[in-house]
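Here are my notes on the model you sent over.

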Amino acid sequence: MKLFSSLVITLATVAALVTAGTLPAFAAGKSIILATTTSTQDSGLLDYLIPVFEKETGYFVKTIAVGSGQAIAMGEKGEADVLLVHSPEAEAKFMKTGSGMERRLVMHNDFVLVGPAKDPARVKGSHTTVEALKKIAHSGALFVSRGDNSGTHAKEKGLWKGAGINQAGQKWYQETGLGMGQTLSVAAEKHGYTLTDRATYLALKKTLGLQILLEGDAKLLNIYHVIEINPAKWPKVNAAGGKAFADFMVSRKGQGMIGKFGVEKFGAPLFFPDAGKKPESLGL
Amino acid sequence: MDLIYEGFAKAVALLAALDREVLDITWLSLKVSGTATLLSLVFGITSGTALALANFPGKRLVVSAVNTGMGLPPVVVGLFVTIFLWRNGPFGSLDILYTPTAMIIAQAVIATPIVCGITVASIQNLPPNLRLQILALGATRPQMVWLLIREARLPLLAGVMAGFGGVISEVGASIMVGGNIKGYTRVLTTATVMETSKGNFDVAIALSLILLLLCFAINYLLTRIQQRERPR
């Protein structure tokens, strides 16, 4: 009997301590919501950049890693302060709605087409994306798509369209609805082909057993922009914080860090800093 | 097989080294789910007891609703809590989306029907004459309710375990309302999802093992209390 009552008392005390003492509260103006793509988190880039930014500015960054589609949707609702995304067409549309303030080029890397080493559709050796996708479609070999409206998914749909192939609903075309890392795992397990950004692929390469079968096509460029959300449209947005983060990403320091990221581990950078360049110079 | 072995080795290594980040993540899981369970006990046991003792038309309908709520999908809860807590949503002025507080709220919503449902069943399962007996001995109504709850404490502790087990293991709501922010709202389950998608399967396995260990420790503690309390 006593034990039960003492348990109740102990629990209540613990509860009081936990709620009172811990949960650090951040002053409203000091936290920033960054909506971004899974590739920046899964590749480890943000874990490397954000602590430096936080230390330098005193802001606390709440990173919400979702697909670019969802990140942009969060921006449209004023639920984020700053976006780091890679879906240029969707971004352009977003800017037209007036939800974004400034959109700045940050960095690029590229997409690669990966698939099983056996390469049942004989994609290897293709010179263009169009050729490679046609081979996959004609052979009926499995293609695993993100299917989540992310930047990669948008890119992939554009490539199918460009190749004149209606991939949606085909038997050989499966959509996971998952992030890049998980989609790569699914493709590896099912011996399928998929389109991925190079950074996530390199970060996961050791566990996958998938090979790069096509790279270097100008159409496979993957460009990241940072966008500040417009406080005139959404008064609750932390505009100063969003600007500070965007400024950091394009600053000399931020750009230098981006260029060095991954060199030690993979022998080559995962992202190439592009701040200040014109998108046209990248072939857009 | 190698991977599983590596995962075990990694778990032991992380625990042995008292890895700061892993400890923080584990502690946060415990804190969030523990607080949520306590809240659910307050709401679940009071509402469950009231529901069990009251008689009103439509009671079966309400009890059915509570029982359905016991299987409330965490992602559904996560989605609605997110929508409610959005900056520009009804409770936006609280500014608690993507905080541990939001995770506690979501988890409490998940656990409350579980505790409530088990409370209803436990109280209703007491001998029907007990109530009359207690009242006949001159107890006041609040005294009677307290005695009934104490009589039902064994199944109620099972309710605590079910509620806690339900929330510490859920990931859908935590990732939606918490956002899996490093050092702030990252708990064992959301970290496991992220490490899996990063391809760090050894770390993911290590985190899963820690989660299982934690659940076992808590349940062992509660079971000991429950079994020691067994009426002779």
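The points below go from conventions and confidence to chain B and a few single residues.

1. **Ground rules.** This is a predicted model, in which local features need pLDDT of at least 70, side-chain atom pairs count only at pLDDT 80 or more, and totals for chains, interfaces and linings use all residues. Residues are numbered from 1 along each chain as its sequence is written, while chains are lettered from A and ligands numbered from 1 in the order in which they are written.

2. **Confidence.** The predictor assigns the complex an ipTM of 0.81 and a pTM of 0.85. As for pLDDT (the predictor's confidence in each residue, from 0 to 100), chain B averages 91, with 98% of its residues scoring at least 70.

3. **Chain B overall.** Helices (H or I, at least four residues) and strands (E, at least two) are DSSP runs, numbered from the N terminus. On that basis chain B has eleven helices and zero strands. Its C-alpha atoms fill a box of roughly 65 × 50 × 25 Å along the principal axes. I use "buried" for 20 or more other C-beta atoms within 10 Å of a residue's own, "exposed" for 12 or fewer and "partly exposed" in between, with C-beta atoms placed from the backbone. Buried residues come to 44% of the 232 residues in chain B.

4. **What UniProt says.** For chain B, the unreviewed UniProt entry lists "domain: ABC transmembrane type-1" at residues 26-222. That span is 77% helix and 0% strand, and its end C-alpha atoms lie 19 Å apart. UniProt (unreviewed entry) also annotates "transmembrane region" at residues 36-54, 61-86, 98-123, 154-181 and 201-222 of chain B. Of these, residues 154-181 of chain B are 79% helix, with end C-alpha atoms 38 Å apart, and residues 201-222 of chain B are 100% helix, with ends 31 Å apart. For chain A, an unreviewed entry gives "domain: PBP" at residues 29-252; the span is 42% helix and 25% strand.

5. The expected span of a helix is 1.5 Å times one less than its number of residues. What does that give for α1(B)? Its 15 residues should span 21 Å, and the end C-alpha atoms are 21 Å apart, so the two agree. Just after α1(B), B:Leu18 takes a positive phi of about 50 degrees. α5(B), with 25 residues, reaches 35 Å from its first C-alpha to its last, close to the 36 Å expected.

6. **A kink in α5(B).** Where does α5(B) bend? Look at B:Ala111, shortly before the proline B:Pro113, for a kink of about 30 degrees. The bend is the angle between axes fitted to the seven residues ending at a residue and the seven starting there. α5(B) is also mostly covered, as 23 of its 25 residues are buried.

7. **The largest nonpolar core.** A nonpolar core here is a set of buried Ala, Val, Leu, Ile, Met, Phe, Trp, Tyr and Cys residues joined through C-beta atoms within 7 Å. The largest has 131 residues, and A:Leu34, A:Val82, A:Leu83, A:Phe245 and B:Ala106 touch the most other members. α5(B) gives the most to this core, with 15 residues.

8. Most residues other than glycine have a negative phi. A:Arg122 has a positive phi near 55 degrees and sits in the loop between β4 (100-116) and α6 (129-139) of chain A. B:Asn180 also has a phi near 55 degrees, in the loop between α9 (172-178) and α10 (188-197) of chain B. Why is A:Arg122 called partly exposed? Because it has 14 C-beta neighbours inside 10 Å. B:Asn180 has 23 other C-beta atoms within 10 Å, so it counts as buried.

9. **Contacts across the sequence.** B:Gln226, in helix α11 (residues 201-228) of chain B, is 73 residues from B:Arg153 in sequence but 7.9 Å away, C-alpha to C-alpha. B:Leu30, in helix α2 (residues 20-53) of chain B, has its C-alpha 7.5 Å from that of B:Ile168, 138 residues apart along the chain.

Methods: UniProt positions are given in the numbering used here, feature names are shortened, and annotations may be inferred rather than shown by experiment.
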